[in-house]
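Hi,

Here is the structure I promised to pass on. Have a look at it first, and my notes follow below.

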Amino acid sequence: MNHWIKLLIALGASALLASTAAAFALAGGPATGEAKVPIANPPLGRILVDSKGITLYDFVKDKGTTSVCYGACAALWPPLLTKGKPVAGPGVRASLLGTTKRKDGKLEVTYNGHPLYYFVTDRKPGQTTGQGVNQFGGPWWVLSTAGKEIHRG
């Protein structure tokens, strides 16, 4: 019996470590190179995602292309970072992709002037758990391929 308890504790610790590592990996954006922004087609319609299919959001409180999401905000809503010019996936308008410099000098990807973010609870492709969440002074929305916020869901 003692052996089973130790095994369960070890499995729980491994799961916690793996989920923490995944959250940090998302927060850091791509390790090298350019961020790729393709589209997905969940129930909300054709929306922007990252190269792994994880949903991207915009924050209505941002001032144009300037992000206002730092500290605790960026811990829950990590920015999509890139080390170069972002790459448009199929269905994404390359002319709407851009970057903005964050306070720490890192480049955040923008689409139609909106800085792009992840939501920490979206861990699998197709999840949109951040849609319409009101945090840090305003709502968060997914973006259509036209670069418009989708206000449903």
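This is a predicted model: local features need pLDDT of at least 70, side-chain atom pairs count only at pLDDT 80 or more; totals for chains, interfaces and linings use all residues.

Residues are numbered from 1 along each chain as its sequence is written, and side-chain values use heavy atoms, with hydrogens and water left out.

Now the hairpin. Strands S7 (residues 97-101) and S8 (residues 107-111) pair in the antiparallel sense over five bridges. Threonine 99 has valine 109 as its bridge partner in S8. Five residues sit between the two strands, and glycine 105 takes a positive phi near 90° in this hairpin.

Next, the aromatic rings. Rings of Phe, Tyr and Trp (its six-membered ring) pair if their centres lie within 6.5 Å; planes under 30 degrees apart are stacked, over 60 edge-to-face, and the rest tilted. That rule gives five aromatic pairs. In one of them, tyrosine 57 and tryptophan 77 have ring centres 5.4 Å apart and planes at 85°, so this pair is edge-to-face. Tyrosine 57 belongs to strand S4 (residues 57-59) and tryptophan 77 to the loop between helix H2 (72-76) and strand S5 (81-82), so the pair ties together parts 20 residues apart in sequence.

And how is tryptophan 77 placed against tryptophan 140, stacked or edge-to-face? These two are stacked, at 3.9 Å centre to centre with 5° between the planes. Tryptophan 140 is in strand S11 (residues 138-143), and this pair links parts of the chain 63 residues apart. Both tryptophans are buried (under 20% relative accessible area with a 1.4 Å probe, protein chains only; exposed is over 50%, partly exposed in between). Tyrosine 57 counts as buried too, at 0% relative accessibility. Ring pairs link Tyr57, Phe59, Trp77, Tyr117, Phe119 and Trp140 into a cluster.

Last, the disulfide (a pair of cysteine sulfur atoms within 2.5 Å). The structure holds one, joining cysteine 69 to cysteine 73 with an S to S distance of 2.0 Å. The torsion about its S-S bond is about -110°, so the disulfide is left-handed. Cysteine 69 and cysteine 73 are both buried.

Cheers

Terms used. Helices (H or I, at least four residues) and strands (E, at least two) are DSSP runs, numbered from the N terminus. Two strands pair if DSSP finds at least two bridges between them.
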